[in-house]
Structures are given as C-alpha cells and as structure tokens.
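User: I would like to learn how to read the strands, the domains and the overall fold of a model like this one. Please take one feature at a time.

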Amino acid sequence: MTGAVIFVAPVVTMDPERPDADAFAVAGDRIVAVGTLDEVRAIAPGAREEALDGTVLPGLIDAHMHMERAGLKALVHLDDGDGVDRYIEAMRDSFDDDGPTDPSPEDRVRALERVQPLLHALGFTGIVDPAVRIEEMRGYQEAHRRGRLTMRTVAMPYLEIGSEATPDVDAVIAHLDGTGVSTGFGDELLRIGPIKVYLDGEALKGEALLDEPWDASGFRGRQRISDEDFARLVAWCAAHGWGVGTHAVGSAAIALVASEYEKAGDAVRERRFQFIHAYLETSAESIASAARSGAIASLQPSIIWHNGSGLRAKLGERAERANPVRSWLDGGATVAFGSDGPFFAFDPRHLMWQAVTRRVAGESEPLSPTEAITVEEALAAYTTGAAVAALADHHRGMIRPGHLADWALWGDDPRRVLLDDLRRIPVLRTDVGGRTVHTQERA
Ligand SMILES: [Zn+2]
C-alpha cells in the first residue's frame, strides 16, 4: 500500500468489536487497518512503520464548545508563546468575560488559528459549537475557505427568538427555510448541525424550569418559549431536515422536550436532536423517552464542577443527583460529553475525572456517587457518543478501518492510571485526517 504508515503502540480503539489493538495503519486521511502488528502488516505490506511511545486513543470530540468565542478570548488573554496550560488558567480567571464585542471577520479567522492548536493539545480533533450566530458562521466559513480550519467543526445555528431579525418562531422558520440547506450540509471539516433553542433559564439563577418549585415562593423557573411555539418549531424542523438542540436544564423543561421529540419520529435520530445540559431533577421517564426517540443527551461535567456548590446551597439534598450520567446511560440514551468551554472548564482529562468522582469545586464531599460512571464510559461519551452529536458516528469516534485518521497519542492509558493521575496524562501528539496538528515532548 503506497504511502501508508503503520503506527505501533497500544491502541484503545473504542470499537466494541475490537476494543484493544497493537497497531493501526493510515493511508491518506483514513485508517485502513487495525489489529495485531502481523494483521496490520498483512493489510498494508511494505508500509513505513513508526513506533509510538504512549497509548493511542481516538481523537476526542467536545460536543459543546464555543470555539470561535474561545479563540476571540484567547486573542485577548494570551501572549504569543502561551500554551494550553496558560490558556486553561486564563479562561478560568476570565469566566464572565465574553471576549471582544465587535470582532472583524479577520479577527475571527485569527481567533480560530490561535485556539485550534490549544484544543488539539488536549487531544481534540472535533467540536460541536452549540450556538453559532451569523457572524460566527461567516468566521468558520472564511477560516475553512482559507484552509485554516484544522478542527472538525459542527456549527449549530442560533437564531435568537425575540431578536430584531427573528422576533418570533415564524421568523425563525422563515430564515431556516430561506436557503434550502439543513442539518448535515457541509463536509468533514465544517458541517451544519441542529439549530439551538433555549427552553428554560439557568440553574444558578434559579431559572431552570422544574416540576417542584425552587423554594417556598412557589416559583418553578423560567420558560423562554411557549409550549405551543416549541411544539411548532420542533415539528417544522423534523419535517424539513433540521435537527433541534434544546437548552433544557430543569426537570419540567426536559420533560417537555422529551414529549415533543418523541412526536418527531425518525428525524430525531437522523438529524441528531439533542437535550442540552438536562441535569437537574431529570426524571426516569424523560430518560426512557430519550432512549426511545434516539435523542442525544449532551451533558457537561464541567457545569456540575462549577455549579455543584451553588446548587447545594439553593436546593440542599435535591442537588445530589445533579447531572445523572449513570441514569442516562443505564436508561439506554446516547450520551455525548462536552464542556461549555471556554466559559466552563474544558480540559477533558479533568471532566472525565469529574464524571467518575462526582467531585465539585470548593466542596470536600462529592455529589451522590450513585450517578458516577467509569473512565471507559467517560471516554465513550467523548468519542463514540460525541461522534453521534457530530453527525459522524460512521467515520469518527473509533480507531477502525474506514474511519478518518483522527487520533491522539496519550502518555498513558486513561483506563489504567490511578484516578488522580488521569488529570495529568500528557497528550503527546494529535492527528486530524492523517495530518499532525500537535506534538509535545514527554516532560
Ligand atoms: Zn454553551
């Protein structure tokens, strides 16, 4: 096989049919063989061989990363030589800063050029940007046109209901209908995802929509779009090739989303409808409904890491089950992990550790361990699960023949290290489509 390269290293494939391998071969932008070294040599005879010092994992996908905003913030807060460790600190210290207010198209391309290597240094080869406004979409398109996009990006269009351009649901529908494209349009580097809709408010503001009131006042939270409008928008999208990703934090919002998605039929699976956040008092019935409809639970361990303490202060015992990842998985739903970066913590090693330990910032006691998952399940949520959210499960998320050659070399196998060491495993190399986009020496 001309031009093929055989990489020799322990491989965590995330492929249920062959979870571990000793080698894999890449030709062009694809993986062509995975297995024992002899098996791989037989499929790619004469290929150059390269031994790697570490463990290979599929490239991770952050299913909820505001990457262009992350890049704009990087332009403001980083100096030229700063790497990912400094970036993580800088984003933590600038939580409330939204970045520059009126960036030019040129700024947006520069922002993406600045931030992509930082995210590749964490093992990411893909992201889903969960709320892309028109200017941001232009930024992604321009970066792609110039050949500067190295992160596989799924952009979820956000048309704000109540804004001047889209005052109501009818206006949103008219905009979506106006160009003839829909969810899935694009290529392997830049693709249009489901639209983003906000159904309820934020938990720490006490505005997530709950079945039980927040407190003695009887207030149950804030509903940002009426039942009728939400039902109409979901039904229209399902009938016209658009997926829907709905911000629904509290139990009552999640239940409303579940019931409308179930009415939407096959479109839910095909167009990758999502529950976004879906972490507060989520009912077993909503989870069962999601499993039936095929909607994705797009969950962020980062939000619980940051909000856990505040939720305990507001809700006491009711906060303990927050972000019930164990229940989502046991209920048969597809779980995709993301971060809501750059605003919340986005280092996937830290977030996998959080999902396993249920620890929260500033508290000595973890949240209820009944909702904890394993490292392997957390990895799946960042690979095979997130690939579903990225409309790419047939060719990303695993090291498997025919899949895109998106992979990362980790210093150690995250499944085998002590849990506290998981957060410190270096990512030594990242490849996207067979092209190296990050390298780092072992310390
Ligand atoms: Zn977000």
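This is a predicted model: local features need pLDDT of at least 70, side-chain atom pairs count only at pLDDT 80 or more; totals for chains, interfaces and linings use all residues.

User: What is the order of the strands in the open sheet?

Analyst: Two strands pair if DSSP finds at least two bridges between them. Following the pairs from strand to strand gives the order. Here 5 strands make an open sheet, ordered β10-β11-β12-β13-β14, with parallel pairing. Its edge strands are β10 (195–198) and β14 (334–337), each of which pairs on one side only. From one strand to the next, the twist averages 30°.

User: Now the domains. Which residues belong to domain 1 and which to domain 2?

Analyst: A domain may be made from separate stretches of the chain, so read the bounds with care. The assignment gives domain 1 as 5–58 + 401–439 and domain 2 as 60–389. Taken over C-alpha atoms, the centres of domain 1 and domain 2 are 28 Å apart.

User: How many residues does each domain give to the contact?

Analyst: Count each side separately. Domain 1 contributes 18 residues and domain 2 contributes 22 residues. On the side of domain 1 that touches domain 2, the elements giving two or more residues are β5 (55–58), β15 (407–410), β16 (427–432) and β17 (435–439). The largest share of that side, 3 residues, is from β16.

User: What classes of residue make up that side of domain 1?

Analyst: Sort the residues by class and read the counts. The side of domain 1 that touches domain 2 holds 13 nonpolar, 2 polar and 3 charged residues.

User: Last, the whole chain. How many helices and strands does the secondary structure come to?

Analyst: The chain has 15 helices and 17 strands.

User: Why is the chain said to be as compact as a globular protein of that length?

Analyst: Compare the radius of gyration with the globule rule. The chain has a radius of gyration of 21 Å, close to the 22 Å that the rule gives for 443 residues, so the chain is as compact as a globular protein of that length. Along the principal axes, its C-alpha atoms fill a box of roughly 70 × 50 × 45 Å.

Key:
Residues are numbered from 1 along each chain as its sequence is written. Two residues are in contact if their C-beta atoms, placed from the backbone, lie within 7 Å. Helices (H or I, at least four residues) and strands (E, at least two) are DSSP runs, numbered from the N terminus. Ala, Val, Leu, Ile, Met, Phe, Trp, Tyr, Cys and Pro count as nonpolar, Asp, Glu, Lys and Arg as charged, and the others, Gly among them, as polar. The radius of gyration is taken over C-alpha atoms; the globule rule is 2.2 Å times the number of residues to the power 0.38. Axes are lines fitted to C-alpha atoms, for helices over the stretch in contact, and angles run from 0 to 180 degrees between N-to-C directions.
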